[in-house]
Amino acid sequence: MTEAADAPLAGIQVVDAIDGPLAPLTRYLAELGATVHRFAKHHAATDTRDLTANIGKLRHDAAIDSAEALAMIAGAHIVVASAGQPIDLAALRRERPGLVTMTVSDFGTGNSLSDWRATGPILHALSGELSRSGIRGREPLLPPGDLAYQCAAVQAAFALLSGLYRALSGGGGAHYDFSALDGAVQALDPGYGISGSATMGKPAGLLSRGRPAAGFQYPIFPCADGYVRICLLAKRQWRGMFAWLGEPEQFAAPAFDNIVNRYKSPDLLPHIGAFFATQTRKDLEQAGQKHGVPISAVMTLGEFARSDHARERGALCESDDGRPVPNGVISIDGARMGPGGGRSTGSLPVPDATTTGQAPFAGLKVLDLGIIVVGAEQGRLLADLGADVIKVESRDFPDGNRQSYLSFGMSVSFAAGHRNKRSLGINLRDPAGRALFLELVAQADVLCSNFKPGTMEKLGLGHAELAQVNPRIIVSESSAFGSSGPWRGRMGYGPLVRAATGLTLAWRYPDDASGFSDSITIYPDHVAGRMSAMGVVALLIRRLRTGRGGRADVAQAEVMMAHFAADIAALSASESLGEEPDAPWGAFPASGEDEWCAVTVDGDTQWQGFCAATGFDPAPYPTAASRIAARPVLEAALRAWLSTRSPAEAAATLQAAGVAAAPMLRLADLPGFAYYRERDFYRAEAHPWLRETVIAENYIAASRDIPPPPHRPAPLSGEQTQEVIAEWLGRDAAEIEHLCATGILEPLASETRAAAEEFMAAPAA
């Protein structure tokens, strides 16, 4: 725990009147040092979900329109309330233009779904996540836990902090109309965003309508005491696997260096499976790490929570009633930001707006060394909100997301994840390149990276060296398992994080122990990028107060632990997380080929609405217990009712009766779906080096006060090298040409540009 004065959000006052599953969004602000006053009548003090969503907040057993709440609001920097709460946020903003406010709801205000009910399954159905979850030939599988709302909460928290930084910098406050569906689409696994390197950059919208084949991309193998998962992406990783296998002749061909050819081989995975079958998880992990093969045991959440790594990292702490809870997600200057975050009793003033309409991070300079998804998203979020973000690249060590179906390293995935950035090619392994980079550091506000811990130090670019050059610089680091603990050196990708922390085991069909269904999910990458960006903004806010920089560190495994905080708190007592919802609950087939409708009935009111809509007789099932016991009968009746109705028709009928329901959308359906058009959620734009249209989100969170992201297309590698050095360092053309000629700078390669031009000039296939 940091000292109160050191916590990044010390002095920030937040008023919280959130009902429902988005309540964790202000918990992250409390962890970073803000004083969060939660106003709610009739707190569920013994409810585990309520405990973990609101830990670290100051509870007030009063309504948001009470005199007590209004007194707190008068001195608040941020006010967040669920839609329908008796408070006029617009009036508050008129009185105090520097205030940051947010209305939270399932679907936002003023659109055709605003009156609909949502649950996690409904958000999964409408976001496209459900359509990708499961195994080809089987029904779609609902993801475990409450991931849709949990990821949305992080998106909302980042938006609030961005607005707060603008307000504290004199740019005026902002109001956000936050939708849980918007946040789930953006932060869980966006179909129209950057994807992992194994996709070769192909647009997710062009995936098969069905679920993925079993074992696709990140295979899982049974072993002597459970399962392990491997990620063979890079050539060097395959070469390590090949050596580990004893260099079998049938896999010695150079063609196996290519990831696509490895996927096509009918013999490779069975051979690896036979090799693993008699060995233990621990032995396989140790041997894999020795050979440079990314590998993880497939563990339960409890196993990870009790692991030596989690213990040595201090990943868990105790709640006031003695239950284990996640000890925060972000570390600041080496100290964990746990529950309460080192709250300060003071309050910072909010300056009057000196400018209007500016992006929150306008004028900030960011050096982005981030790679793959986590790194891409962090820098892109800052760029979308106005920062000058320079993607630092190297020809010898290209970003895995440059791996593309196009030879010049561009794709719709890369274009979505790196828009509004400029690319600088530089050789950091050359002492002269390192010295030049440190000159850039002296001009920068932020440096982001997500390499394996120790990589930056090996380059002579650790935080200590950077801070010596620029004491005001803010450094953000992210890794799979964190910068300390016995697993700090492990190679980590999202699939391995999911395997190690229990999610992979939970994400399978109940009747199929080997039916693992998270193979094409990209989680927690996107949400970890947002968590890292939150750390950056929190330190920017602290810098306004103190004038000094700092370091934020995020372990992706602990992001996931935060999302399963209630499950962790329940582990020690093996307690239930609440009553089982009324039947039916899940995804059910509707009229049409592979068409599905998500339906959740929870509580007597929804049960009565369900029966009224479907014509089902409610009399034999007067209680929740009787409905749960009769679930097979009720779900059979629902299937019969759905069999003659399209998912959209059925969902509209059920929602009109007050029942949470939604059609399962494919990714290709999203841009044309009425809700997303009404929210102006997506934007489609041309890229100079792509024939395909790039579709991506149009805002961080809906707000009339924050300008939309700029329209700078993602760069080719090194495309703006000369431009950046001239602008940031004032070097003249002759000197820049010399730096390029000596290999210190790596401008856009002529062959790369030629390949891009040839592709665009050739007739479309």
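A residue counts as partly exposed when its relative accessible area lies between the buried range, under 20%, and the exposed range, over 50%. Ala362, at 44% relative accessibility, is therefore partly exposed. The model described here is predicted. Its protein chain has 31 helices and 24 strands, and buried residues make up 61% of its 765 residues.

**Overall form**

- The radius of gyration of the protein chain is 26 Å, which agrees with the value near 27 Å that a compact globule of 765 residues would have.
- The C-alpha trace spans about 85 × 70 × 55 Å along its principal axes.
- Of the contacts between residues at least 6 apart in sequence, 74% join residues at least 24 apart.

**Surroundings of Ala362**

- Ala362 sits in the loop that runs between strand S13 (335-336) and strand S14 (365-368).
- When neighbours within four places in sequence are left aside, Ala362 is in contact with Leu385 and Gly386.
- Ala362 and Ser423 are separated by 61 residues in sequence and by 18 Å in space, C-alpha to C-alpha.

**Packing of helices H6 and H7**

- Helix H6 (residues 147-168) packs against helix H7 (residues 180-187) at an angle of about 90°, and their axes are 7 Å apart.
- This angle makes H6 roughly perpendicular to H7.
- On the H6 side the contact involves Ala148, Tyr149, Cys151, Ala152 and Gln155, which meet Ala180, Gly183, Ala184, Gln186 and Ala187 in H7.
- By class, this contact of H6 with H7 has seven nonpolar, three polar and no charged residues.

**Backbone features in loops**

- Most residues other than glycine have a negative phi, and most peptide bonds are trans.
- Glu247 is not a glycine, yet its phi is positive, near 55°.
- Glu247 belongs to the loop between helix H8 (235-244) and helix H9 (259-264), and at 52% relative accessibility Glu247 counts as exposed.
- Asp680, also not a glycine, has a positive phi of about 55°.
- The loop that holds Asp680 lies between helix H28 (674-678) and strand S23 (682-685), and Asp680 counts as partly exposed at 45% relative accessibility.
- Tyr523 and Pro524 are joined by a cis peptide bond with omega of about 10°.
- Pro524 lies in the loop between helix H20 (503-506) and helix H21 (525-546).

Note on methods:
Residues are numbered from 1 along each chain as its sequence is written. This is a predicted model: local features need pLDDT of at least 70, side-chain atom pairs count only at pLDDT 80 or more; totals for chains, interfaces and linings use all residues. Side-chain values use heavy atoms; hydrogens and water are left out. Axes are lines fitted to C-alpha atoms, for helices over the stretch in contact, and angles run from 0 to 180 degrees between N-to-C directions. Helices (H or I, at least four residues) and strands (E, at least two) are DSSP runs, numbered from the N terminus. Angles under 35 degrees count as roughly parallel, over 145 as roughly antiparallel, 65 to 115 as roughly perpendicular and the rest as oblique. Contact means heavy atoms within 4.5 Å. Ala, Val, Leu, Ile, Met, Phe, Trp, Tyr, Cys and Pro count as nonpolar, Asp, Glu, Lys and Arg as charged, and the others, Gly among them, as polar. Buried means under 20% relative accessible area, exposed over 50%, partly exposed in between (1.4 Å probe, protein chains only). The radius of gyration is taken over C-alpha atoms; the globule rule is 2.2 Å times the number of residues to the power 0.38.
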